[in-house]
Amino acid sequence: MISVSTLLKALLLTKAVFSEFRTNYHSCSFNYLLNCCSSLTDLTRIHALVVANGCGQSLLVSTKLITMACRLAHTMDYARKMFDQMPERDVFLWNTVIRGYADVGPCEEALVLYRNMHGAGLFPDNYTFPFVVRSCAVLSALREGKEVHCNIVKHGLDSDVFVQSSLVAMYSQSGETLGMELVFGEMVVKNIVSWTAVIAGYVQNRYFKEGLSVFRKMVGSGTQPNAVTLVSVLPACAGLEFVNLGKLIHGYGIKLGVDSDVSLINALIALYGKCGNVETARCLFNGMVARNLVSWNAMIAAYEQNDASANAVKLFRRMQAEKVEFDYITMVSVISACASLGALNTGRWIHELVKQKGLDINISIANALIDMYAKCGNIDLAREVFEMLPCRSVVPWTSMIGALASHGHGEDALKLFSRMKDEGVKPNSFTFAAVFTACRHSGLVEEGKRHFESMMRDYSIMPGVEHCACMVDLLGRAGSLMEAYEFIEKMPVEPDVSVWGALLGSCRIHSNLELAELVAEKLFLLDPQTVTFYVLMSNIYAEAGRWEDAERLRKLMEERELKKIPGQSLVEVNRRFHTFLSGSRSRSSLRGSAN
């Protein structure tokens, strides 16, 4: 191909061509010259030629130059400089620059130009609004987006399919499902963009069933989904754990020929991981020709979610070996895996990697680190992570209170809770669950009662099952068994096995056989397959000398083929994880289990 420099020389040397260029900006020579531009440097040379020959103020020429600048440059600086120097601007030119900012950024400038366009006395058209609405969506500027929507109606463009599609996408991304539904319902012609935006809007806001319903309607209407549609709907299957429906969508993707799309494979890995089918997820991961960061994150998360934490850590090591950059999502999964393994040394190594990348102040990572250090037995390091946070929301406060509570530091946990309230942070239901755990682990009965009442009175938080289970355990451990039983009878929610199980454990501690039999009867009805309650009740009978009843329960367990899962310990030595089962003299190594 002829270079731009060669063409410029030809233009300068050939008077006929130069004359044509100056008088006819639609000429083949000029358009061919612009189309040959492959960089901003080429464009600046042409711009210099235009200015040198006194044509820089031409609206048509400047529009073409600005259009090319928007396409070629990584920023809008050069295009904006030309735009600001124009004495005359039409709607097309305004649209060109607004679109440039919507595509390249910053999107705030698209909104500024939109307002300036109004101030200049020009009316936006059906090409202006989609770019302005898209900018509002990117900025999560819902209030401004609604103002633009009003202007759309005012200008009579609310029935334009492209304008409507942009509005649906904006309301969808902003979580405003009602506005999304209203605009979508008014659309006479629904294209794939609008269908997909509505599905994504529902799914991203956890309205999974509604998202699946719209997907069915779309397919029923004859609109063929694309890869983006399938990527949007698969998280709904994962959220509801509808693995069979996910498999059907997987098959549909194969039928459409989009099964090699990286984003689709990533969504499928996440689906199968969430639904417990780790083997299929790994098969998809292994079969990928090209993987991006999301692929690695999805597979590591799939392992971590399915009690295969050693595999998650192993895959992360491979990710490091292949020089794939991680992000905070990667690290949250890997840190959680270390917490499950009790792998303190690996966790500290991960913490160092996090610090090197400046991610240690990320709230999600900080919470995961606090939890990991607490589960690995190092409460001091957990406290250090907490105190290093420059800004603390309710989540890290709750994590640290829970960490102290789980280590039996009940009074320290309550002091931290008081400090949290003094600093103006409002506790939520999870915070109170951590507070009640602190009270029950340290036997702080009166404090537990006081905080339970405060939760409802001062913060209007209705107690859930987890709060009630903590209170029953707290009262039961303190010997107030009948008070605990009466508490259950008055619970605002239906008691589950965790509540009755807590009371049964207390009955054993205080040797209350009569109440234990009553509680066990309820547990056997609620959950006849959980072996723990049979074993616990059998032990209570044995301790009371009721050997026949103890033997009766043991035989009942055999008849129902209920077996107690043996306890296991996991030890990390030289980056290898060794598992020891209770009663076994052998051990298994988990190194190399995720290649």
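Q: Which residues of helix 24 are buried?
A: This is a predicted model. In it, helix 24 covers residues 379–388, and its buried residues are Ile379, Leu381, Ala382, Val385 and Phe386.

Q: How are those buried residues arranged around the axis of helix 24?
A: They line one face of the helix, because they fall within an arc of 165° when you look down the axis.

Q: And what is exposed on the other side of helix 24?
A: Asp380 and Met388 are exposed there.

Q: What do the buried residues of helix 24 pack against?
A: Four helices are involved: helix 22 (344–356), helix 23 (363–375), helix 25 (394–406) and helix 26 (410–422).

Q: OK, helix 6 now. Which residues are buried there?
A: Helix 6 runs over residues 77–84, and Ala79, Arg80, Met82 and Phe83 are buried in it.

Q: Where do they sit around the axis of helix 6?
A: On the same side of helix 6, because they cover an arc of only 160° around the axis.

Q: Which exposed residues are on the face turned away from that buried side?
A: That face of helix 6 carries Asp77 and Lys81.

Q: Let's zoom out. How many helices and strands are there?
A: The protein has 34 helices and 3 strands.

Q: What percentage of the residues count as buried?
A: The protein has 595 residues, and 47% of them count as buried.

Q: Which residues touch the most other members of the largest nonpolar core?
A: Leu503, Leu504 and Met537 do, in a core of 180 residues.

Q: Which helix gives the largest share of this core?
A: Helix 33, residues 531–543, which contributes 9 residues.

Q: What does Leu504 touch, leaving out residues up to four places away?
A: Leu504 touches Ala516, Val519, Ala520, Leu523, Phe533, Leu536, Met537 and Ile540.

Q: New topic: aromatics. How many aromatic pairs are there?
A: The count comes to 15 aromatic pairs.

Q: What kind of pair do Phe436 and Phe452 form?
A: A tilted one. The ring centres are 5.7 Å apart, with 45° between the planes.

Q: Which parts does that pair tie together?
A: Phe436 lies in helix 27 (residues 429–442) and Phe452 in helix 28 (residues 445–459), so the pair ties together parts that are 16 residues apart in sequence.

Q: Are those two buried or exposed?
A: Phe436 and Phe452 are both buried. For Phe452 the relative accessibility is 7%.

Q: What kind of pair do Phe452 and Phe487 form?
A: Their planes are at 65°, so the pair is edge-to-face. The ring centres lie 5.5 Å apart.

Q: Is Phe487 buried or exposed?
A: Phe487 is buried, with a relative accessible area of 19%. The cut-off for buried is under 20%.

Q: Which residues form the aromatic cluster?
A: Phe417, Phe432, Phe436, Phe452, Tyr459 and Phe487 form one cluster.

Q: What about Met455? Where is it found?
A: Met455 is found in helix 28. Its relative accessible area is 0%, so Met455 is buried.

Q: What is Met455 in contact with, beyond its neighbours within four places?
A: Met455 is in contact with Phe432, Phe436, Ser460, Ile461, Pro463 and His467.

Q: How far is Met455 from Pro427?
A: Their C-alpha atoms are separated by 8.8 Å. Along the chain, Met455 and Pro427 are 28 residues apart.

Q: One more residue: Ser232. Where does it lie?
A: Ser232 lies in helix 15, residues 227–240. Ser232 counts as buried, at 12% relative accessibility.

Q: What lies 2.9 Å from a polar atom of the Ser232 side chain?
A: The backbone oxygen of Val228.

Q: Last one: what is the average pLDDT?
A: The protein averages 87, and 87% of the residues score at least 70.

Q: Where does pLDDT stay under 50?
A: Residues 10–18 are one such stretch. Over residues 590–595 the pLDDT is also below 50.

Note on methods
Residues numbered from 1 in each chain as written. Predicted model: local features only at pLDDT ≥ 70, side-chain atom pairs only at ≥ 80, totals over all residues. Heavy atoms only, no water. Helix = DSSP H or I, 4+ residues; strand = E, 2+ residues; numbered from the N terminus. Buried < 20%, exposed > 50% of the residue type's maximum accessible area, 1.4 Å probe, protein only. Polar contact = N/O pair within 3.5 Å; in protein donor to acceptor, adjacent residues only side chain to side chain. pLDDT = per-residue confidence, 0-100. Contact = heavy atoms within 4.5 Å. Core = buried A, V, L, I, M, F, W, Y, C linked by side-chain atoms within 4.5 Å. Arc of directions from axis to C-beta. Phe/Tyr/Trp six-rings, centres within 6.5 Å; stacked < 30°, edge-to-face > 60°.
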